[in-house]
Amino acid sequence: MVAKDFNLGGKIALVAGDSKYWSKYAGAALAEAGADVAITARNTKRLEETAEEVRRQGQKILAISTDTTDAAQVQKMVDQVVTEFGRIDILVNANELLLAKPFLETTEAEWRRVLDTNLNSAFNCCQAVGRQMLKQERGRIINLISCLAERGVENFSAYCAAMGGVLQLTRALNIEWARHGITVNAIGTGWMSETDQTGAPQEELLLKYIPLKRYGHPGEVGSLLVYLASDTTDFLTGQFLYVDGAAMSHL
Amino acid sequence: MATGNGTLQGKVAIITGGGTGLGKMTALLMAKEGADIVVAARRVGAIEQTAKEVRDIGPRALAIPTDVTDPAQVNNLVKRTLAEMGGLDILVNNAGIVRGQERRPLWEVTDEDWRIGIDTNLSGAFYCCRAAIKHFVDQGHGKIINVASGNGVRGARGDFMYGTAKAGLINFTRVLATTFAQENIQVNCIAPGFINVFNLQPEPSTRERPGTSPFIPVGRFGVPEDIGHLALFLASDASNYITGVLFANDGGGLAGGIAPTGYAPVIAMEED
Ligand SMILES: NC(=O)c1ccc[n+]([C@@H]2O[C@H](COP(=O)([O-])OP(=O)(O)OC[C@H]3O[C@@H](n4cnc5c(N)ncnc54)[C@H](OP(=O)(O)O)[C@@H]3O)[C@@H](O)[C@H]2O)c1
């Protein structure tokens, strides 16, 4: 449970992400704090399953199958959310497509897909939802990205470039919309996994290195999401905040 | 009765500099969520007043006169807290001071000015962490929240000691977080922007600031609740995977800062 002042009762949230992971965890955290939530994902069947899980928190849940790399689909989806719920208070951009391979083996098509999903989706959602938030003169945009927005890792060139793009979009939009009651922040997740990673050879190497000696669980991102989405953060904007068990702190 | 959700029920928090401003607001918001509060600073009247307001909310409160630049007084603060409150779970290093650097050339800054600036804003937090952290290690949990400043992230003209000490505090946070990650001790840092603390001061202050600012991206100064609520979030168990992180809460300033607020050119794309 979160402190009473962080309650999201009566708020409308939109989580644009993949159904397997972030839509589920981000959606559930916001709903648990009292928000009604719209979630999107491309995979329709899995999206419905995720919606069912999020619905267990007892709030109104709307699931809209959307390809967020397509601006027209995003606009349609946003219109539908506004028609159903009347407004959008919180936007969580959590579209993530992982790719790890040597730079020279990365094809142009792969590069484009990684940038499309991780970066251009955020562009589409910020534009369509931003228009609505500007009308409301109030809104919270939270870009759920990776700490690789700021650090390099071997074989992650496309992914790092895309994440860095979303981070800079966060900072620039913060400056542009600060006077309109819209805060724009990014959460950087560290090494996260739903399952225990002990055993896999590359993962052993990593686990030895990170200060907490364990992966984070995606559910551990929820409390910061809720705090940032709450009414207590009018002054907190343009920031990149990590949920990473000190991974970004150490040398 | 505490009126929150009880997320800090049964926890004991020390808040240095808790007699005024951001520290006082932090004390009151944590008390609302159920925490028992120890207020530590030099002015007895101010810390007694905060303690009284905490008790009015519900939880227990103790005012312990402390100069954080004196290690013996800091050790005593922690000792008395453990003895009289029966525990310690949260340490907020909020005591801080801007002094002796008001638009002076560097060559006029005295040894004493430098010493006080570094002692209050950096060494004080070190003394408090040193005194408390063994207890945190032994009990297997603890929360440390350091209050730094945007001046510790970027250089402010003529701000020699304060900004330098706060920068030290920011990296001290990272070192502690890394060192004690496995002991389940979370250490985070808050960098407030310009926060108007005037309304909370017990006596009239010369630091009154207007409500709006053309320089801050959001267009206004912050209020103490902005910082108090962030400290509350970082003190709760809900944030246990968050450690070593700098939370600037500054109305957007640090995300920009390369051009003045209001600079918004329009340049058309030229294809050749
Ligand atoms: N307000 C802002 O805009 C702003 C911006 C950035 C950072 N901050 C930081 O936020 C923190 C709180 O500041 P504030 O704005 O709330 O101002 P404040 O009301 O002046 O609070 C500072 C507190 O520190 C205490 N203190 C100073 N020296 C001390 C010492 N040697 N031992 C123990 N306590 C000491 C003071 O109490 P006594 O004098 O009674 O000891 C006072 O209650 C400070 O660390 C400050 O640097 C504030």
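How many aromatic pairs does the structure hold over all chains? The count is ten.

**Figure 1. Confidence of the predicted complex and of chain B.** The predictor assigns the complex an ipTM of 0.92. The pTM is 0.95. Chain B has a mean pLDDT of 93, and 94% of its residues reach 70 or more. Residues 201-210 of chain B are a stretch with pLDDT below 50. Beyond near neighbours in sequence, this stretch still has 14 contacts in the model.

**Figure 2. An aromatic pair in chain A, F240(A) with Y242(A).** A pair of aromatic rings is described by the distance of the centres and the angle of the planes. For F240(A) and Y242(A), the centres are 5.1 Å apart. The angle between the planes is 90°. The pair is edge-to-face. Buried or exposed? Both F240(A) and Y242(A) are buried.

**Figure 3. An aromatic pair in chain B, F194(B) with F221(B).** The ring centres of F194(B) and F221(B) lie 6.2 Å apart. Their planes meet at 85°, so this pair is edge-to-face; the cut-off for that class is over 60 degrees. Both F194(B) and F221(B) sit in the loop between β6 (185-192) and α6 (224-235) of chain B. The two partners are 27 residues apart in sequence, so the pair ties together separate parts of the chain. F194(B) has a value of 49% and counts as partly exposed. F221(B) has a value of 13% and counts as buried, because the limit for buried is under 20%.

**Figure 4. An aromatic cluster with members from chains A and B.** Which residues form the cluster? They are F6(A), Y227(A) and F233(B). Chain A gives F6(A) and Y227(A), and chain B gives F233(B).

**Figure 5. The second largest pocket.** Rolling a probe the size of a water molecule over the atoms shows where empty space is left. The second largest pocket has a volume of about 1400 Å³. Its lining holds 50 residues. Nearest the pocket centre lie E96(A), L98(A), F156(A), Y159(A) and W191(A). Elements of chain A that give two or more residues to the lining are β2 (36-41), α4 (108-136) and α6 (201-209). Which element gives the largest share of the lining? That is α6(A), with five residues. By class, the lining has 21 nonpolar residues, 19 polar ones and ten charged ones.

**Figure 6. S121(A) and its contacts.** S121(A) lies in helix α4 of chain A. The relative accessible area of S121(A) is 0%, so this residue is buried. Leaving out residues up to four places away in sequence, S121(A) touches T68(A), T69(A), N95(A) and D116(A). A71(A) is 50 residues from S121(A) in sequence. In space, the two are 8.0 Å apart, C-alpha to C-alpha. A71(A) belongs to helix α3 (residues 71-85) of chain A. With 44% relative accessibility, A71(A) counts as partly exposed.

**Figure 7. R171(A), with contacts in chains A and B.** R171(A) is found in helix α5 of chain A. Its relative accessible area is 22%, so R171(A) is partly exposed. What does R171(A) touch, not counting residues up to four places away in sequence? In chain A, the contacts are E150(A), G238(A) and F240(A). In chain B, the contact is A255(B). F240(A) is also a partner in the pair with Y242(A). R171(A) and A38(A) are 133 residues apart in sequence. Their C-alpha atoms lie 25 Å apart.

Figure 8. Most residues other than glycine have a negative phi. E137(A) is not a glycine, yet its phi is positive, about 55°. E137(A) sits in the loop between α4 and β5 (139-146) of chain A. At 45% relative accessibility, E137(A) counts as partly exposed. N155(A) also has a positive phi, near 75°, and is a residue other than glycine. Where does N155(A) lie? The loop between β5 and α5 (157-177) of chain A holds N155(A). At 31% relative accessibility, N155(A) counts as partly exposed.

Notes: Residues are numbered from 1 along each chain as its sequence is written. Chains are lettered from A and ligands numbered from 1 in the order in which they are written. This is a predicted model: local features need pLDDT of at least 70, side-chain atom pairs count only at pLDDT 80 or more; totals for chains, interfaces and linings use all residues. Side-chain values use heavy atoms; hydrogens and water are left out. On a 1 Å grid over the protein atoms alone, a cavity is a set of points where a 1.4 Å probe fits but cannot get out, and a pocket is an open set with protein on both sides within 12 Å along at least five of seven lines; lining residues have an atom within 4 Å of a point. Grid points are joined across faces, edges and corners, and a volume is the space filled by probe spheres set on the points. Helices (H or I, at least four residues) and strands (E, at least two) are DSSP runs, numbered from the N terminus. Ala, Val, Leu, Ile, Met, Phe, Trp, Tyr, Cys and Pro count as nonpolar, Asp, Glu, Lys and Arg as charged, and the others, Gly among them, as polar. pLDDT is the predictor's confidence in each residue, from 0 to 100. Contact means heavy atoms within 4.5 Å. Rings of Phe, Tyr and Trp (its six-membered ring) pair if their centres lie within 6.5 Å; planes under 30 degrees apart count as stacked, over 60 as edge-to-face and the rest as tilted. Buried means under 20% relative accessible area, exposed over 50%, partly exposed in between (1.4 Å probe, protein chains only).
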